[in-house]
Amino acid sequence: MNAPTFMARHDADPTRSPPDGRVRVSASSKSELRSGNDALAMAHRRVIAVAALFALCFSVIGGRLVDLAASKPEASTRTADYWPAVVRARADITDRNGVVLATDLSVASLFAEPRLVQDPARSAAALAAALPNLPVAELRSKLESGRTFVWLKRHLTPKEQAEVNRLGLPGIGFQQEQRRMYPVGALTAHVVGFSDVDNKGIAGVEQFFDNALRAFPQSGLGAPLKLSLDTRVQYTVREELLRAMVDFNAKGAAGLVMDAHTGELIALVSVPDFDPNRVGEAPADARFNRATLGVFEPGSTMKVMTVAMALDYGTARLDERFDATKPLRISRFTIHDDHAKNRWLTVPEVFVYSSNIGAARMAMEVGGERQRGFLAKLGMLERPPIELPEAGAPLVPEVWRDINTMTIAFGHGIAMSPLQYAAGFAAVVNGGFKVAPTLLAGGRPGAKERVVSQDTSDIMRRLLRLNVEEGTGKQADSLGYLVGGKTGTAEKTVAGGYKKNALVSSFAAAFPMNDPRYVVFVMLDEPTGTASTQGFATGGWTAAPIVSRIVGRAGPMLGVVPVDDKSTEVRRALFVALDGRRSPSAAF
Amino acid sequence: MMGPARTDNSIIGRWWWTVDRLTLGAIGVLMAVGMILVAAASPAVAERIGIESFHFVERQALFLAPAVFVLLAASLLSPIGVRRIGVAGFVAAAVAMIATLLWGPLLNGAHRWLVIEGVQFQPSELAKPAFAIVTAWLFTLQQRNADWRFGALAGALLCSVLALLALQPDFGMAAVVAAVWFGQAFLAGLPLLWVGIAVVAGAAALSAAYTFVPHVTERIDRFLYPASGENFQVETALNAFATGGPFGRGPGEGVVKSVLPDAHTDFIFAVVGEEFGMVACILIAATFAFVVLRGLLRLLREPDYFVLLAGSGLLVQFGLQAAVNMGVNLRLLPAKGMTLPFISYGGSSLLALALGMGLLLALTRRRVSDLEARWLIGKGSA
């Protein structure tokens with residue numbers, strides 16, 4: 001049917017097209033439509049144009065491919081970004097020397113896609129054989145649920161994973177997850193705290209710094225959180241506390257070692273404690289932090305503050321005497337002395353014999369308002385600024401009457417955590433500068449704030465050393481480390497009064513006393529006397545020996561060089577006589 | 001070379017010695033590579049949307065045999081047969097497209113598919129090659145009979161097809177159809193002034209779409225100002241080429257396929273870039289370029305006006321689709337859903353492409369002489 005056209009084309013004379021090859025065309029006029037050959041020639045020319053256009057396009061594509069292949073990929077093409085982890089990674093936590101206290105471990109979790117499971121009954125039986133902790137019935141109901149996804153077990157051990165993998169069951173898979181591990185276990189449990197199964201910090205430093213720890217970049221380059229703890233000292237303190245807890249059949253114990261100048265906590269222990277890798281198994285009591293959350297009446301250790309206050313305000317001189325001839329009556333209360341001398345006592349005697357009557361009289365001379373102000377300056381009246389959610393606020397009288405002034409002078413009618421007491425104690429002995437306790441290595445930045453004069457601090461060092469040399473704190477001494485400290489024994493408060501024979505026995509110390517570097521505080525919760533303590537459960541018999549051992553063991557670790565206790569320089573620096581003289585007599 | 005003897009005068013024998021075997025080979029390579037790449041990219045997509053892993057692979061394989069049959073069967077046709085198939089196909093596709101508007105299910109916000117006996121297909125895919133044939137025929141009639149009404153009819157058909165596509169809506173397909181039509185009109189001697197007008201009109205249509213169609217605005221803005229918004233697929237695809245480098249991360253080592261929703265269709269080229277690398281991408285692009293350029297260059301010697309217009313129409317459609325797809329993957333063009341011919345997953349698309357390329361092979365077969373061709377055609381149409 002097209003034959004005429006074909007023929008026409010063959011018969012066509014090429015010369016009929018314009019010599020210049022151009023085609024005159026006007027679509028509006030059909031009479032000027034091109035002849036077959038003209039049209040074909042134009043189409044051929046224009047095909048070249050189309051081909052050239054395509055050649056250009058494909059060349060650009062090729063060039064772009066080379067260009068892209070040579071370019072650097074963005075970091076976001078890493079596989080990890082495409083498979084967002086179920087739980088987010090957290091930064092490591094280390095002690096001051098870089099010992100890892102908390103880290104992330106990649107572990108496999110077992111899940112099932114029940115729709116893909118072929119024989120639920122047989123699969124459940126096989127899984128139960130590999131994972132004896134999982135009941136068959138539960139596994140089977142999960143596998144038969146017909147759901148898209150179901151967890152079977154989170155955080156398998158490598159052995160369990162291998163066992164399950166070996167079964168080769170369809171529809172069963174592993175998801176890699178980050179699990180928080182605490183390599184030192186219970187040792188730092190109360191400080192580091194723990195995180196839940198979704199890696200959210202829910203106790204301790206893990207909770208306090210949760211956001212910062214989670215902000216840890218995926219790249220793994222996040223700097224670990226460095227705590228002030230020294231694992232070695234922590235171990236020592238914990239071991240001694242555990243031993244004392246057993247020896248004295250105590251309900252619990254708390255202890256700490258603090259840098260007297262920076263407030264850095266070198267050790268912070270509360271026992272009983274728990275394994276943060278198995279939090280679920282820990283009883284509530286074990287998870288209670290006695291060192292920072294629990295508050296207790298400090299008892300006689302508070303006399304450190306009372307004497308320092310009286311000396312600092314100048315209401316008492318070292319050789320001034322206070323009437324301790326008979327119990328002190330105020331309204332319906334009577335204040336007794338435990339080691340009553342029934343005479344007038346000098347300031348050193350009040351301190352060393354731990355006279356409640358003397359301390360009360362001393363505080364009354366200072367006055368309630370100034371006492372309150374003094375304790376506030378030491379940071380003892382408000383929640384201590386520690387980096388733990390478990391920080392107990394002190395119990396302080398709302399109305400500060402004379403009776404409060406008197407009882408607080410010897411540590412009753414006020415309650416605070418061991419941590420809070422230790423921070424105030426540090427300020428008294430470190431030369432007089434306020435201490436804000438911290439768990440971060442390097443301490444807190446900020447200007448030093450003087451709260452006690454250098455002279456007062458100097459006298460307090462002598463009195464504390466005297467108390468260990470000749471007073472109730474003898475058992476706290478550790479040869480060469482010049483331990484100075486004060487005992488404290490308080491009856492536990494129960495609703496409406498005090499509980500006889502339920503004591504909180506403590507010892508507050510610092511060493512070396514000629515220039516204190518570390519504060520050591522130990523508290524025992526309801527110790528009972530033993531034959532070796534002649535039945536006593538007081539701080540001098542129970543807590544003081546622990547301090548002695550801690551200092552003896554931790555001193556070398558902390559680089560404190562032992563000195564000759566009897567050397568002239570030491571005696572000159574630390575001498576104070578019971579009568580208040582501050583220089584040794586010619587007899588020495 | 002393997003094949004029938006030179007003297008074999010059977011249909012198969014003649015076909016073998018006259019067909020463009022290199023183009024046929026290139027198409028075979030593309031189909032095979034496409035099958036492999038769908039197998040590489042689609043299981044991750046299938047798993048993500050919760051269907052059987054090899055669902056797409058199986059369906060693609062199912063379509064492969066009919067596609068090869070259509071390709072070979074179409075390539076056996078004479079130019080007259082091509083024209084008839086084109087016209088018949090166009091009528092069928094037009095009817096089916098009207099049916100999709102009336103009865104087609106609404107999928108992804110458009111009526112593009114018909115479902116018959118559980119088989120889902122897209123009539124507009126068939127319309128693309130068929131319409132190119134019809135257009136070529138009408139332009140040929142216009143030229144031979146010096147009657148402008150045939151050209152006007154071609155224009156009217158274009159408007160109808162564009163209207164049907166706009167109603168679906170499927171602007172991407174409409175753009176391809178329009179581009180192919182104007183390409184053919186250009187070859188058919190559309191005056192350069194009109195070419196200019198067409199370009200201006202195209203630009204105007206684009207800016208109108210930019211102004212009035214929100215998702216077009218969005219896509220072009222994203223292309224022009226990458227920082228302006230979420231551009232997940234394109235950015236991820238782009239990075240895949242960079243990650244792949246010259247030789248790729250290795251088969252199965254890619255990760256973009258598990259996040260790109262269209263990894264097995266519009267963005268399969270990125271999967272290739274990541275897993276097999278730049279060299280493999282260039283080889284694929286080169287294969288497309290080879291088919292298009294070789295086809296066009298062969299048409300340079302083509303004495304038959306209809307064959308020239310129809311063949312170039314099919315080639316432009318094929319090349320345009322490949323270039324646009326690769327261009328989008330490489331962020332040379334704004335995001336536009338367009339499949340990579342023979343490589344992307346898609347049954348209707350595969351069959352339609354097989355038909356289109358089969359028709360092309362039929363048109364570019366060597367005819368010993370025009371006289372013989374006339375004789376053959378006469379015989380074929382008798």
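A residue is classed as buried under 20% relative accessible area, exposed over 50%, and partly exposed in between, using a 1.4 Å probe and protein chains only. On this scale, Cys57(A) is partly exposed because its relative accessibility is 33%. Cys159(B) has a relative accessible area of 51% and is therefore exposed. No disulfides (pairs of cysteine sulfur atoms within 2.5 Å) are found over all chains in a search of the whole structure.

The model is predicted: local features need pLDDT of at least 70, side-chain atom pairs count only at pLDDT 80 or more, and totals for chains, interfaces and linings use all residues. Residues are numbered from 1 along each chain as its sequence is written, chains are lettered from A and ligands numbered from 1 in the order in which they are written, and side-chain values use heavy atoms, with hydrogens and water left out.

Chain A contains 19 helices and 16 strands. These elements are DSSP runs, numbered from the N terminus: helices are H or I with at least four residues, strands E with at least two. Of the 588 residues in chain A, 53% are buried. Contact means heavy atoms within 4.5 Å. Among chain A contacts with a separation of 6 or more, 70% join residues 24 or more positions apart.

In chain B, Gln122(B) occupies the loop between β2 (119–121) and α5 (123–145). Gln122(B) counts as buried because its relative accessibility is 12%. Beyond its neighbours within four places in sequence, Gln122(B) contacts Arg112(B), Trp113(B), Asp170(B), Met173(B) and Ser348(B).
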